[in-house]
Amino acid sequence: MSVFLRSSSRRRSILSEPDVNLHRSSAAEIRGACEGRRPPGGGGQQGFGATGGSLPLPGLLNSALDCSLHRSHGQIPFLLPHPTSLFTLQEQMLASSSPVISAFSISTEPCGHLLANKVDFHRGFSSVTHGDEEVDRGGENEEVSSCADREEVDSVCKVIDELFALDRNMEAVLDECGVELSHDLVVDVLKRFHHARKPAFRFFCWAGEKPGFQHDSRTYDFMMSILGKTRQFETMVSLLEEMGVKGLLTMETFAIAIKAFAAAKERNKAVGIFELMKYYNFKYGVDTVNCLLDSLGRAKLGKEMQVLFDRLKGKFTPNLQTYAVLLDGWCRVKNLLEAGRVWNEMIDKGFEPDVVTHNIMLSGLLRSHKRSEAIKLFEIMKAKGPSPNARSYSILIQNFCKQKQMKEAVLYFEEMRESGCQPSVVVYTNLIMGFGNQNKMDMVHGLLKAMKQDGCTPDGVTYNSLIKLMTRQRMPDDAVRIYKKMIQNGVEPSIHTYVMIMKSYFQTRNYDMGRAVWEEMIEKGCCPDDNAYTVLIGGLICQGRTGEACKFLEEMIEKGMKIPQLDFNKFAADFSRAGKPDILVEMAQKMKLAGLNMAEASG
């Protein structure tokens with residue numbers, strides 16, 4: 001299928017240009033490039049070897065084509081240092097592991113609480129010693145430097161940890177703490193509990209009633225974000241209305257509500273927020289409309305996005321970003337016909353498609369499995385403009401890596417460098433995952449070296465990708481080493497980091513280490529989500545510790561989390577195999593007496 005798009009100067013099929021030299025369409029040419037022959041029009045391809053020097057691309061490719069992890073305990077690249085002091089359990093395991101590990105050990109300084117200290121198994125919801133928190137990428141709240149006293153934040157979190165689940169007078173104890181409330185402190189505490197909406201909301205209400213303190217737009221917005229992500233829409237809208245009465249509404253407030261409804265596929269309510277803006281006389285312009293359209297598009301509500309756009313025509317003046325948002329929305333649902341229509345309308349309105357809109361279409365074609373047409377579009381960009389940027393190359397490289405076509409991915413990577421586009425951490429991470437999934441760890445090593453030489457610092461996604469590679473190979477000890485390097489380099493682990501390692505230890509039946517990872521996560525102030533609880537509870541059941549499993553299941557529900565039905569059914573089967581078939585029934589009766597509804601929790 002060919003999508004006909006209009007050029008700003010003449011109508012043409014932008015994806016079916018006959019006169020473009022597609023030198024990568026020939027498999028023979030690709031093979032030739034990997035054997036040392038230069039592709040037509042291409043410069044000398046260079047890659048980095050293990051020593052950091054430059055060598056021809058074939059040397060980089062062929063150096064590890066047959067290198068697989070056919071070993072009981074594989075190695076990670078030596079530039080990721082191995083720790084000398086994890087806690088005793090890990091030390092004992094490493095002593096009896098493959099000599100490959102000790103051969104690659106590098107002495108490093110201890111870096112604090114790295115699975116080193118024990119904590120009580122039934123601790124609450126957040127750390128009381130560290131202020132680090134997970135911030136979801138793309139979240140509603142931008143990271144702002146906090147001026148709050150970390151010790152005071154820890155003190156408040158400790159009270160919530162210890163008293164919320166016990167249903168004691170948490171508020172009275174908080175009153176006695178003598179903490180000086182500030183907006184930064186409230187936000188920091190809410191961050192610690194951003195997966196636990198019940199304790200978060202209870203603290204938020206307590207703070208709002210304290211004399212001399214009033215919530216501002218930022219504290220309201222953060223609480224709304226927590227409620228929106230847990231689909232507590234009635235309470236979320238109540239807060240929004242409360243903000244309206246106090247005159248605290250901002251564009252960010254409405255964006256949080258719109259995104260929450262859109263993510264839950266509540267299309268009418270998402271559009272209804274727009275009407276609520278008018279009720280509060282909140283002036284909106286093209287940026288506001290673009291935000292709403294983008295929220296609907298990202299939630300894959302393409303039809304609703306288009307209906308709203310058509311309804312608002314004449315009430316605002318669309319800009320190029322408006323059409324880019326519409327284009328992206330249709331590409332996300334793989335509707336290339338509508339995407340083509342939006343493209344042509346954009347041109348009719350006098351807008352010149354830029355590299356951003358071209359990249360959106362490039363990604364949309366690949367998402368719709370139209371790679372040949374995507375490559376044609378890419379070649380047209382090179383020949384006639386706008387010239388591909390780093391994002392353009394990244395889109396193609398990512399697709400080749402996902403399809404396990406690493407030779408082609410490396411060719412575009414080298415072309416990217418020759419064109420003057422600096423490879424980003426995203427590009428390197430995609431290549432690392434691509435080669436890692438093929439067990440070509442020498443290539444992973446070479447890419448990490450190249451990253452360092454390019455001044456490209458690994459981010460959280462890169463480290464998580466390396467950890468994922470290790471855990472897929474059932475090598476959690478190596479995953480812990482990467483985690484340690486992550487901490488040493490100041491990269492904040494996410495909840496996903498801990499869950500991957502914990503799950504891997506449980507899969508290898510090392511239950512003590514799995515529990516130690518959970519404790520480390522709590523010590524680092526990383527609020528467990530429903531997935532983290534599910535992994536922990538499953539591991540405890542497999543270990544035969546059904547009593548502890550039930551305590552964490554209760555804790556999970558008390559915090560306002562929902563247990564996915566699939567996981568709930570699995571727990572029931574696991575309990576039955578463990579000789580405790582009636583344990584969930586007993587637990588449901590106990591929770592009913594406590595005013596909790598287990599049926600609602602298992603949604």
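In this predicted model, the axes of helix α5 (residues 150-163) and helix α7 (residues 183-192) come within 10 Å and cross at roughly 45°. Axes are lines fitted to C-alpha atoms, for helices over the stretch in contact, and angles run from 0 to 180 degrees between N-to-C directions. That makes α5 oblique to α7 (under 35 degrees counts as roughly parallel, over 145 as roughly antiparallel, 65 to 115 as roughly perpendicular, the rest as oblique). The crossing of the two helices is right-handed (the near helix is turned clockwise from the far one by less than a right angle; anticlockwise is left-handed). From α5, E152, V153, D154, V156, C157 and I160 meet L185, D188, V189 and R192 of α7; contact means heavy atoms within 4.5 Å. By class, this contact has six nonpolar, no polar and four charged residues. Ala, Val, Leu, Ile, Met, Phe, Trp, Tyr, Cys and Pro count as nonpolar, Asp, Glu, Lys and Arg as charged, and the others, Gly among them, as polar.

Residues are numbered from 1 along each chain as its sequence is written. Local features need pLDDT of at least 70 and side-chain atom pairs pLDDT 80 or more, while totals for chains, interfaces and linings use all residues; side-chain values use heavy atoms, without hydrogens and water.

A second pair is formed by helix α8 (residues 197-208) and helix α9 (residues 217-229), which pack at about 155° with axes 10 Å apart. That makes α8 roughly antiparallel to α9. The crossing is left-handed. R197, A200, F201 and F204 of α8 make the contact with T219, Y220, M223, I226 and L227 of α9. These residues divide into seven nonpolar, one polar and one charged.

The chain as a whole has 31 helices and four strands (DSSP runs numbered from the N terminus: helices H or I, at least four residues; strands E, at least two). Of its 603 residues, 55% count as buried (under 20% relative accessible area with a 1.4 Å probe, protein chains only). In helix α14 (residues 302-312), the buried residues are G302, E304, M305, Q306, L308, F309 and L312. They pack against α12 (267-279), α13 (286-298), α15 (320-332) and α16 (336-348). G314 follows α14 and has a positive phi, near 95°.

N510 sits in the loop between α25 (495-507) and α26 (511-523). N510 is buried, at 17% relative accessible area. A polar atom of its side chain lies 3.2 Å from the backbone nitrogen of M513.

How values were computed. Buried < 20%, exposed > 50% of the residue type's maximum accessible area, 1.4 Å probe, protein only. Polar contact = N/O pair within 3.5 Å; in protein donor to acceptor, adjacent residues only side chain to side chain.
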